[in-house]
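I opened this model to look up a few helices, strands and loops. My notes follow in the sequence I made them.

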Amino acid sequence: MAGPLMQGKHALVTGVANDRSIAWAIAQLFQEEGAELVFTYPGESMEKRVRPLAESIGARACLDCDVAKDADIDRTVAEVKKIWDRVDVLIHSIGFAPRAALDGRFTDATTREVWAITMDISAYSLIGLARAFRPMMPPGSSIVSLTYYGAEKVVRNYNVMGVAKAALECSTRYLAEDLGQDGIRVNTISAGPLKTLAAAGIKGMRSMLGENAEKTPLRRNIDQVDVAKAALYLCSDLGLSVTGETLHVDAGQNIMGVVSMG
Ligand code: NAD
């Protein structure tokens, strides 16, 4: 295949918080492959972190979009329309649960309020963004989100976030079926554990990373660039017939049952 894989594509990238964010690795690789970028961040306090990163790789804009607010999503669409006549790629790299929800007993930690906010920001927002941007997304365009194994099997302390990721993965399949008639593909990447801001909120994450490396078939953890390369496959012509998938980028962790009999 000749030429950069994302030449001339317009990619809207949510979820860059800092230079360890999965979305940042995706944005950098897409830019290297010829994409034009627009970033979003949720609220003023995040802007000072995100804008310098966006500017450092020549992003066309950096827009305030808290996905918990319909008005923000609508305003973001309006702002993007001023820059581009189409969006080819939408990266949803957003997850949030109140910190107290990610520690201790699932039954106690998962209050009605915790459930509502976690499901809204971490799962519903994929649907909200897809609906808002669908009119701008031509046939051949692609939506990718980020999920985690805690959606499939119980991971202690991941708690309500696991439930939200299950909703995100299932929504990926329903969106893929619905948006397939518009030629839009929808996939999600199930990434192995990575030391990022979002992960820092999960109790026991640090020790888990150490143990995890030995338990995967490849005997190592993954890094953000591994995820970015998978996103490149899904968002470029390489993945043209792939939709509705949950693609594991986890050094094989998800295939393991009992790790050792010894
Ligand atoms: P991160 O903290 O860098 O990114 C999370 C992003 O979510 C941040 O940029 C934050 O601003 C954004 N966000 C939170 N609430 C928002 C809101 N209301 N509106 C808009 N944006 C909001 O951490 P990350 O690890 O790069 O997380 C990105 C995605 O990857 C998340 O969906 C996360 O669950 C998923 N993921 C992470 C891991 C991991 O181990 N780090 C593994 C698998 C999947």
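**Entry 1: Ser125 and its helix**

I looked up Ser125 and found it in helix α5; helices (H or I, at least four residues) and strands (E, at least two) are DSSP runs, numbered from the N terminus. The model is predicted, so I kept to the rule that local features need pLDDT of at least 70 and side-chain atom pairs count only at pLDDT 80 or more, while totals for chains, interfaces and linings use all residues. Residues are numbered from 1 along each chain as its sequence is written, and side-chain values use heavy atoms, with hydrogens and water left out.

Is Ser125 buried or exposed? Ser125 is buried, at a relative accessible area of 0%; buried means under 20% relative accessible area, exposed over 50%, and partly exposed in between (1.4 Å probe, protein chains only). I listed what Ser125 touches, leaving out residues up to four places away in sequence, and got Val67, His92 and Asp120. Contact here means heavy atoms within 4.5 Å. With His92 there is also a polar contact, side chain to side chain, at 2.7 Å. A polar contact is a pair of N or O atoms within 3.5 Å; within protein, one must be able to donate a hydrogen and the other to accept it, and residues adjacent in sequence count only if both atoms are side-chain atoms.

**Entry 2: Strand β4 and the sheet**

His92 took me to strand β4 (residues 89-92), where Leu90 and His92 point one way and Val89 and Ile91 the other, and all are buried. I then traced the sheet: it is open, has 7 strands in the order β3-β2-β1-β4-β5-β6-β7, and its pairing is parallel. The edge strands, each pairing on one side only, are β3 (61-64) and β7 (246-249). Two strands pair if DSSP finds at least two bridges between them. Neighbouring strands of this sheet are turned by 20° against each other on average, direction ignored. Axes are lines fitted to C-alpha atoms, for helices over the stretch in contact, and angles run from 0 to 180 degrees between N-to-C directions.

For β4 I checked both partners. Strand β1 (residues 10-13) is joined to β4 by 3 bridges and runs parallel to it, with Leu12 opposite Leu90. Strand β5 (residues 142-147) is joined to β4 by 4 bridges, also in parallel, and Ser142 is the bridge partner of Val89. Further out, 4 bridges join β2 to β3 in parallel, and Val38 stands opposite Ala61 in β3.

**Entry 3: Helices on the sheet**

I noted that α5 lies across β1, β4 and β5 and runs at about 165° to β4. Helix α1 lies across β1, β2, β4 and β5, at about 165° to β2. Why did I call α1 largely enclosed by the rest of the structure? Because 8 of its 11 residues are buried. Trp24, Leu29 and Phe30 are among them. The cover over the buried residues of α1 includes β1, β2, α2 (44-56), β4, β5 and α9 (224-235).

**Entry 4: α3 against α5**

The axes of α3 (residues 70-83) and α5 (residues 112-133) come within 10 Å and cross at roughly 40°. I listed Ile73, Thr76, Val77 and Val80 from α3, which meet Gly128, Leu129, Ala132 and Phe133 from α5. The residues of this contact divide into 6 nonpolar, 2 polar and no charged. Ala, Val, Leu, Ile, Met, Phe, Trp, Tyr, Cys and Pro count as nonpolar, Asp, Glu, Lys and Arg as charged, and the others, Gly among them, as polar.

**Entry 5: Loops and phi angles**

Arg134 is in the loop between α5 and β5 and counts as partly exposed at 36% relative accessibility. Setting aside neighbours within four places in sequence, I found Arg134 in contact with Asp178, Leu179, Asp182 and Ile184.

Gly34 sits in the loop between α1 (22-32) and β2 (36-41) and takes a positive phi of about 100°. Most residues other than glycine have a negative phi. Asn159 lies in helix α6 (residues 159-180) and counts as buried at 11% relative accessibility. Arg219 is in the loop between α8 (205-215) and α9 and counts as exposed at 62%.
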